[in-house]
Amino acid sequence: MEKITGIGVSPGIVVGRAFVLDDEHRRIPRRPIAPESVERQIQRLHDAIDASVADLERVRAQAEVDMGRDAAQIFSFHIGMLKDRVMIGSIEEVIRDQLVTAEYAVDHIFGQWADRFRAMPDSAFTTKVNDITDLAGRVLEHLVGEHSTTLDRLDDEVIVVARELTPSQTVGFNRNKVMALATDLGGKTSHTSIVARALNIPAVVGLQNLCAKLTDGVTLIIDGDAGVVIIDPDDETIERYLGQEAERDKIQLSLKELAKLESITTDGVRVEIMGNIEFADEITDVIDYGCSGIGLFRTEFLYLATNTEPTEDVHFDVYRSCIERLGGLPLTIRTMDLGADKSSRSHIENPERNPALGLRSIRYCLQNLPMFKHQIRAILRASALGPVKLMIPLVSSIGEFRQAKHLIHDVMEDLTDAGIPFDPKMPLGVMIEVPSAALLASTFAREVDFFSIGTNDLVQYTLAVDRTNERVADLFNPTHPAVLKLVRDVVRAARRRDVPVSSCGESAGDIEFAALLIGLGVRTLSVTPGSVPSIKRLVRSISMDRCERLAKKAISFDSDTEVSMYVRARLRKEIPEAYDRVGPRAG
Ligand code: PEP
Ligand code: MG
């Protein structure tokens, strides 16, 4: 039994068997196999080599057409290398002697080859290193890819363990089979974690080298609340954790009772609680928990779930379904926010050096106008069916907002000409998640209908802390006084122009940060559906006056540590019931 602590990003406790997902972009872990699996691993090796040779024969035939016979010779050389009996023999030997997987043996032997060539003084040999790495990658893709595609057709329930998962991999999971996730990399606000919460899959990230320690089938306990993974637990530990999960479900159920109650502070001020969703079917939870609408509909899944760009009708059908489910409650649709850690196929194929600062979100949309127009047309058409707001992410200058607004007006004209109905008064807002936008909030307030503060990115960009990097996870702190001051100034600027402000970053679902947001003047919190009960309980047990005094004092501290310690100490003392162990998992 071994206990490893990481970052709990999606709550819930699960006991199950590991399914270790290899990742083509990393070192292949040395995973031991049982002696009786040797022949199967050797068969996998041969299948992967045959498939790679077949690929190369296709590539060679095409190269002959495109570049002529001589130029295509290189592929004959590659095919020859792959069929080399000595090389295949040494890979088989590693599998047999060391009892390891085919992928590990391939990685190992190709690595040795590459090292040998690299050490040769003649440059004719050193240039072959790339060819070897490329060949190894091709064979590994067949071995590793074979394992990852089986994820779609899992027969049993498993806990998926991986070095890293992309949001598109997570979106594609069979929710009935994936009980929990555990990854070596990642942070609380990385999109894979957000998607795990949306899917109600308990998850722990930032586990460093868990992957390399596991073989498929090992029993694991995943505690997504505490951020703990236990490898090969004994019976007593399993019992204890299952007991905790049952207790947790009971609390969750009792919190659901709160759904029917009003979200008002003890001194009578209304704080609106809305839901953040990734998928239309989460709206059932949003309604069950008594939210007053959707404050953030992330539409990226439309682009991540397939390799093709969604058409206007695909967008429209999803929005219509949301509106129907919401039965008159407002739906805030955020336009596409791809880029950074939310990568579509085209982002993966054209990687950027520094994607969080690159062509993401509204920047990408403004450079891909036909694609952007499809989404805007669909949102406008949907606005004829119910209360819809359109929200633009990652604006960093007023010029970007104006360009988007012009485009929206153009689309409105087209729709009018075509006699297609839409709401001409559909509110148009921006996310405040880049410090430049926060600092220019009074400029934006003159032109927009609402603000939504996105603390995930606002913290990332204000504190220069990558939200997806577990190595700096302890520096990702929304309670940093610099962040609090930006929030305070945004709220002040908005109030002067009567512009409503909400907050939709993950930290709005944290009771301590939520108390600060309320104290700083935010009157709408948009949170993961499962966080609604604990936030509503907070609102109903605290006064506005208390929140304001808390925020005033917190903002006067010099560091995030002081702020966090102060807020925690006050709230624990004054409203201890707000700390009952309960996580944002829909029950
Ligand atoms: C945010 O940045 O706070 C936000 C809500 O947007 P996302 O997490 O989708 O980037
Ligand atoms: Mg964001």
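At 71% relative accessibility, Ala464 counts as exposed, where exposed means over 50% relative accessible area, buried under 20% and partly exposed in between, using a 1.4 Å probe and protein chains only. Ala464 sits in the loop between helix 20 and helix 21 (481-496); helices here are DSSP runs of H or I with at least four residues, strands are E runs of at least two, and both are numbered from the N terminus. The phi of Ala464 is near 55 degrees, a positive value in a residue other than glycine. For background, most residues other than glycine have a negative phi.

This is a predicted model, in which local features need pLDDT of at least 70 and side-chain atom pairs count only at pLDDT 80 or more, while totals for chains, interfaces and linings use all residues. Residues are numbered from 1 along each chain as its sequence is written, chains are lettered from A and ligands numbered from 1 in the order in which they are written, and side-chain values use heavy atoms, with hydrogens and water left out.

Gln208 is found in the loop between strand 6 (203-205) and helix 9 (210-213), and is counted as exposed because its relative accessible area is 57%.

Now for the ligand. Ligand 1 is surrounded by 16 residues, and the closest are Arg298, Arg334, Glu433, Asn456 and Arg467; a residue is taken as near when one of its heavy atoms lies within 4 Å. By class, this shell has four nonpolar, five polar and seven charged residues. In that scheme Ala, Val, Leu, Ile, Met, Phe, Trp, Tyr, Cys and Pro count as nonpolar, Asp, Glu, Lys and Arg as charged, and the others, Gly among them, as polar. Helix 8 (191-198), strand 10 (294-298) and helix 20 (455-463) each supply at least two residues of the shell, with helix 20 giving the largest share at three residues.

Several polar contacts (pairs of N or O atoms within 3.5 Å; within protein, one must be able to donate a hydrogen and the other to accept it, and residues adjacent in sequence count only if both atoms are side-chain atoms) can be listed for the ligand. An N or O atom in the side chain of Arg334 is 2.8 Å from an oxygen atom of ligand 1. For Asn456, a polar backbone atom is 2.8 Å from a ligand oxygen, and for Asp457 a polar side-chain atom lies 3.0 Å from one. Taken alone, ligand 1 exposes 290 Å², and the protein buries 100% of that; the areas come from the Shrake-Rupley method with a 1.4 Å probe, and for residues only the protein chains shown count as cover.

Back in helix 20, where Gln460 is found, the side chains of Gln460 and Asp457 are joined by a polar contact of 3.0 Å. Gln460 counts as buried because its relative accessibility is 6%. Leaving out residues up to four places away in sequence, Gln460 touches Ala356, Arg360, Thr455, Val465, Asp466, Arg467 and Phe476, with contact meaning heavy atoms within 4.5 Å. Gln460 and Thr189 are 271 residues apart in sequence, yet 9.6 Å apart in space, C-alpha to C-alpha.

Ser190 has its place in the loop between strand 5 (178-183) and helix 8. With a relative accessible area of 5%, Ser190 is buried. A polar atom of the Ser190 side chain lies 2.7 Å from the backbone oxygen of Gly187. Not counting residues up to four places away in sequence, Ser190 touches Asp341, Arg467 and Thr468.

Arg381, in helix 16 (residues 369-383), is counted as buried because its relative accessible area is 17%. Beyond its neighbours within four places in sequence, Arg381 is in contact with Glu312, Asp313, Phe316, Leu415, Ile420 and Pro421.

As for domains, the assignment gives domain 1 (2-23 + 150-233) and domain 2 (35-144), with bounds that come from an automatic or database domain assignment. The C-alpha centres of domain 1 and domain 2 lie 31 Å apart. Met87 has its place in helix 3 (residues 85-98) and is buried, with a relative accessible area of 1%. Met87 touches Met81, Leu82, Ile109, Phe110 and Trp113, again not counting residues up to four places away in sequence. The C-alpha atoms of Met87 and Val532 are 445 residues apart along the chain and separated by 59 Å.
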